[in-house]
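Here is a friendly note to read alongside the model. Keep the structure open and look up each residue as you go.

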Amino acid sequence: MEYLTISFYKYTAIQNPQVVEHALRHHCIANSISGRILLGSEGINGAVSGKKEDVQQLKAELLSIPLFSDLTFREQEVTSSTYHKLVIRIRDEIVRFGSPVDLTKRGKYVSPQELKQWYDKKEEFIIVDARNRYEFDVGRFKNAIPMDIQNFREFPQEAETLKQYQNKKIVLYCTGGIRCEKATAYLTQQGFPNVYHVQGGIINYVNELPNTYWEGGLFVFDDRLVLDLGEPLTNCQHCEEKNSQYINCHNLDCDKLFICCDDCQKTMKKTCSQKCFEAPQQREEKKRYETIGIIENYYPKAKTALINVKKPLCRNTTITIAGKTTPPFNQEINQIRNNRNEDTDSASAGEIITISVNQKVRRHDKIMLSY
Ligand SMILES: [Zn+2]
Ligand SMILES: [Zn+2]
């Protein structure tokens with residue numbers, strides 16, 4: 001597999017998140033890395049995907065920043081990038097919890113090997129899934145207790161239900177470990193004396209000890225949604241076949257997250273019910289863009305753009321033009337002129353052509369086709 005998806009986090013005070021943001025954005029764009037990185041005075045939380053060598057370079061870049069020199073990465077080999085865009089944001093909280101917590105009170109780590117031993121030896125412990133209920137539903141550790149939450153911010157309130165286990169050994173886990181840092185600190189502050197969390201989360205555990213005590217799929221917050229790690233625990237809502245694929249109902253007024261197999265996605269047009277199937281407001285499939293040319297120059301008087309063609313292009317198609325300071329707009333191509341100033345119906349890769357444009361464009365703007 002040529003691609004790598006990695007996740008990483010560290011709670012640490014970043015004095016100038018803008019500086020880090022700028023450096024990382026520059027690096028990610030230059031290396032075609034997509035994903036999501038949150039930065040703030042609280043630390044860094046990221047999950048990104050790209051070609052293996054590019055991701056390795058990003059790791060090196062991160063480790064070269066003194067603040068992140070001890071960063072650890074959870075890695076998964078994948079066949080293609082698992083994110084379709086890059087989002088880097090500065091936020092007060094790198095994981096939204098709502099209630100302030102003292103992170104020095106976080107629980108003790110339990111390594112995957114130790115956790116497996118506890119299971120093997122049937123030690124007495126309570127294992128709690130700190131994630132959202134829909135994540136629990138598709139996969140969880142053996143005997144895990146769910147938290148009935150839709151959002152991590154509801155954790156403090158829902159933690160009341162754990163009071164019955166207060167003095168037992170409690171193990172929390174989440175996808176990569178970041179949520180448990182806050183969740184275990186919160187429980188300790190609430191008077192739970194014996195709280196653990198799985199080091200590196202589920203991803204670390206299933207990488208090291210596949211096919212042991214993890215059951216079902218793993219929900220991930222990228223384009224894959226659910227990784228099939230074992231037999232599905234859930235069923236397609238329509239045909240009831242074993243399946244663990246989540247989709248959001250395409251009726252915009254519903255938008256419910258539900259399990260649906262490939263076949264039923266087609267027949268039901270990605271909706272959760274007959275009522276939603278017939279509803280007027282349906283989600284459009286996400287448009288994907290392919291760059292087919294780059295603007296080399298713009299002649300304002302003639303309203304003409306000079307284009308370096310990267311992929312074949314024909315007359316009478318509608319393209320999208322966008323760039324750093326050019327907001328995206330659609331443009332119908334009525335006329336193509338080649339470099340001998342002759343009209344032509346099409347142009348192939350490598351040709352330099354001109355077309356008329358209705359709006360101002362700029363050098364380096366992209367010519368894109370949506371599909
Ligand atoms: Zn089905
Ligand atoms: Zn629906």
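Predicted model: local features only at pLDDT ≥ 70, side-chain atom pairs only at ≥ 80, totals over all residues.

1. Residues are numbered from 1 along each chain as its sequence is written, while chains are lettered from A and ligands numbered from 1 in the order in which they are written.

2. Domains. The protein chain has domain 1 (3–90), domain 2 (103–216), domain 3 (234–286) and domain 4 (289–370), with bounds that come from an automatic or database domain assignment. Between the C-alpha centres of domain 2 and domain 4 there are 54 Å.

3. The antiparallel sheet. Eight strands form an open sheet in the order β20-β19-β25-β16-β17-β24-β21-β22, with antiparallel pairing. At its edges stand β20 (329–332) and β22 (343–344); each has a single partner strand, so one side of each lacks a neighbour in the sheet. Strands are DSSP runs of E, at least two residues long, and helices are runs of H or I, at least four, numbered from the N terminus. Two strands pair if DSSP finds at least two bridges between them.

4. A pair to look up. β17 (residues 304–309) and β24 (residues 352–356) are joined in the antiparallel sense by five bridges. Which residue of β24 is the bridge partner of Ile307? It is Ile353.

5. The parallel sheet. Another open sheet has four strands, ordered β6-β10-β9-β7, with parallel pairing. Its edge strands, β6 (108–110) and β7 (126–129), each pair on one side only. Four bridges link β7 to β9 (residues 170–173), and Ile126 has Ile170 in β9 as its bridge partner.

6. Helix α7. Is this helix largely enclosed or left open? Six of the eight residues of α7 (residues 201–208) are buried, so the helix is largely enclosed by the rest of the structure. The buried residues are Gly201, Ile202, Ile203, Asn204, Tyr205 and Val206. A residue is buried if 20 or more other C-beta atoms, placed from the backbone, lie within 10 Å of its own, exposed if 12 or fewer, and partly exposed in between.

7. Pro100. This residue sits in the loop between β5 (86–90) and β6. Pro100 is exposed, with 9 other C-beta atoms within 10 Å. Pro100 and Lys182 are 82 residues apart in sequence, and their C-alpha atoms are 8.9 Å apart in space.
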